[in-house]
Number of protein chains: 2
Amino acid sequence: MTNDDSSDSAPLMSIAAVERDCGLPKDTLRAWERRYGFPVPLRDRHDERLYPSDQVATLRLLRRLVDAGHRPGKVVGRSDEDLSALLRQVGGAAPEVVGSEARQVLMLLRAYDAAGLREIMNAIVLRAGLGAFAASIGPGLAQAVGAAWSRGELEIHQEHLFSEQFTTVLRSAINAAQSAGPPRARPRVLFSTFPQEPHALGLLMAEAMFTLEDCLGVSLGVRTPIPEIAAAARAHRADIVALSFSSIVPAPQATTGLSELRAILSDAVEIWAGGACPGLHPKPGLLVIRDLSAIAPAVAAWRARVAAPASPSGAA
Amino acid sequence: MTNDDSSDSAPLMSIAAVERDCGLPKDTLRAWERRYGFPVPLRDRHDERLYPSDQVATLRLLRRLVDAGHRPGKVVGRSDEDLSALLRQVGGAAPEVVGSEARQVLMLLRAYDAAGLREIMNAIVLRAGLGAFAASIGPGLAQAVGAAWSRGELEIHQEHLFSEQFTTVLRSAINAAQSAGPPRARPRVLFSTFPQEPHALGLLMAEAMFTLEDCLGVSLGVRTPIPEIAAAARAHRADIVALSFSSIVPAPQATTGLSELRAILSDAVEIWAGGACPGLHPKPGLLVIRDLSAIAPAVAAWRARVAAPASPSGAA
DNA sequence: GGTCCCTGTTTGTCCTGGACGAATAGGCCT
DNA sequence: AGGCCTATTCGTCCAGGACAAACAGGGACC
């Protein structure tokens with residue numbers, strides 16, 4: 001009863017619906033069909049594609065594999081079992097750093113206990129501190145949840161539920177940290193993501209780390225056009241623009257966007273980029289933060305740099 | 001250098017970039033060009049469209065007008081002055097209910113003072129109460145900011161900034177309300193939006209109203225596929241599914257989606273739909289909430305209905 | 001032995017132009 | 001005046017072809 005597939009009533013989806021659900025553009029769906037012979041949607045009486053829900057499910061697996069680096073030509077058309085096996089390799093590679101907490105969270109998620117989730121995460125924040133939570137435990141939990149979803153152990157709505165509670169906990173902890181502690185000081189930091197990037201969790205965790213370092217941060221939320229980021233940096237008189245990249249942003253697009261932003265930003269403003277997106281490389285004026293725990297020392301370094309200015313090799 | 005327009009470095013945008021920035025699908029952009037002779041993008045050497053930034057700005061105006069109910073055939077191709085005039089009529093129709101607060105907020109927004117924004121909004125919550133804030137002052141502020149943006153008085157990043165601070169204030173107030181007061185009780189409420197709807201503020205304000213009524217609410221965040229909403233309602237054992245619709249959702253799609261959801265949801269679960277989307281009509285099992293302040297009495301009515309069950313004729 | 005460039009292939013995205021259905025508006029009838 | 005019905009408008013879909021950006025593999029150079 002809890003187990004049967006939830007799309008009984010609407011087993012057929014239009015191409016637009018599939019685009020929304022799987023994140024695969026219409027053009028790509030048609031190209032795969034033409035080139036690899038999959039998917040093979042039914043057609044309505046006016047020849048419009050109607051995707052059965054099992055094919056949509058397979059497309060979701062494919063999306064994840066392609067995101068993880070597999071080439072469409074190698075995976076499109078293979079059986080669901082093959083795909084799941086590959087996916088397990090991908091997800092399984094993730095270290096189970098936070099085993100015990102992750103297991104509890106997954107259990108609460110299956111029981112659909114939102115309050116319990118908030119409670120346990122709040123407890124972790126109190127016990128381990130906001131820094132450890134944002135820098136390692138939180139990402140570990142998110143990864144565990146994502147992996148469980150890709151193994152088919154969780155529904156999408158349970159992943160939504162997790163994000164929502166996680167966001168709530170993190171935001172209120174940030175609020176508390178902002179009210180406590182010494183007054184906010186420089187660097188002034190502006191947070192956002194590029195328009196391609198809808199993922200807010202990474203940004204929020206970064207915000208937590210900067211807040212703990214007593215930085216004066218302002219977030220624009222996700223999906224800000226690049227010229228707007230530059231304009232906001234001017235308006236906020238930002239010292240640092242912090243950008244978060246998940247793996248869904250194609251690496252070249254991220255690189256291009258960063259150069260573009262670099263070009264229109266004042267030289268005095270640094271760009272700090274972080275996240276799971278590979279292929280980010282540091283350049284003058286662009287710092288790549290591989291790990292959230294690197295933020296604290298980086299802020300300290302920035303402050304030292306500003307306090308003892310003008311070693312003429314660099315900029316300024 | 002600091003002052004000239006920030007798109008110097010990228011005055012030309014691809015059709016995909018325009019789709020992202022203006023929210024107009026590629027097919028629609030091409031159709032307008034074919035039918036109305038606007039936009040008229042340049043072409044690169046391989047004949048791909050390159051949109052100058054002034055045309056993109058006009059497209060943004062058009063988008064807003066079309067959302068407001070104007071027909072493309074009547075407005076596409078007219079001068080920017082005409083369009084701005086029309087837009088002023090649309091935005092100007094909005095009552096300036098919260099004049100003094102709105103003016104302060106706009107001022108802080110122009111000064112880019114995030115902390116000040118949070119402060120004033122927190123002060124409003126304390127003075128007027130969370131209920132008044134979520135039900136009338138907040139929406140009024142949001143409307144004022146949107147109108148200012150459409151009049152060209154604010155940049156997009158300032159609207160982002162507003163949403164972000166607004167969200168923060170509202171979330172922390174909801175948190176506080178959840179911890180205080182009597183223990184949460186039924187109805188159990190599930191919050192989300194349809195996949196077409198990315199707007200989270202309406203949902204958050206609704207969540208605040210339900211929380212004040214001591215309901216046990218869980219939010220899935222935005223953009224949940226309909227079958228997933230149904231599955232989550234089962235898992236959460238929800239009594240009510242609360243959905244928020246902004247005006248960007250085409251009314252017929254909302255109606256269709258609601259019927260679909262109604263069909264796969266247990267009869268014991270009610271659907272409550274609210275938001276700016278016109279053309280929502282109540283039906284059996286579907287309550288339309290025109291105004292956030294209607295939530296409190298609706299919850300009371302629900303409780304009365306459940307306490308004194310089974311008068312099978314139409315209730316209330 | 002490792003790194004760089006260069007070339008062939010894969011893959012996503014864009015093009016045109018035609019078609020049709022869903023949404024709207026306006027006329028007609030009651 | 002109000003509800004139905006038709007005409008129009010507008011968004012979305014289709015096919016099939018094209019090309020460039022991203023990738024992988026091999027060879028030259030350090």
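Author: Let us take strand 5 of chain A, residues 215-219, where 5 of the 5 residues are buried, so the strand is largely enclosed by the rest of the structure. A residue is called buried if 20 or more other C-beta atoms, placed from the backbone, lie within 10 Å of its own, and strands are DSSP runs of E with at least two residues, as helices are runs of H or I with at least four, numbered from the N terminus. This is a predicted model, in which local features need pLDDT of at least 70 and side-chain atom pairs count only at pLDDT 80 or more, while totals for chains, interfaces and linings use all residues. Residues are numbered from 1 along each chain as its sequence is written, and chains are lettered from A and ligands numbered from 1 in the order in which they are written.

In a regular strand the side chains alternate between the two faces of the sheet. Here both faces are covered, with A:Cys215, A:Gly217 and A:Ser219 buried on one side and A:Leu216 and A:Val218 buried on the other.

Strand 5 of chain A also has a partner, strand 4 (residues 185-192) of chain A, and the two pair in the parallel sense over 5 bridges, where pairing requires that DSSP finds at least two bridges between the strands. Within this pair, A:Ser219 is the bridge partner of A:Phe191. Together with helix 9 (residues 201-212) of chain A, strands 4 and 5 of chain A make a right-handed β-α-β unit; right-handed means that, with the strands pointing away from the viewer, the path from the first strand over the helix to the second runs clockwise.

Terms used. Buried ≥ 20, exposed ≤ 12 C-beta atoms within 10 Å, placed from the backbone.
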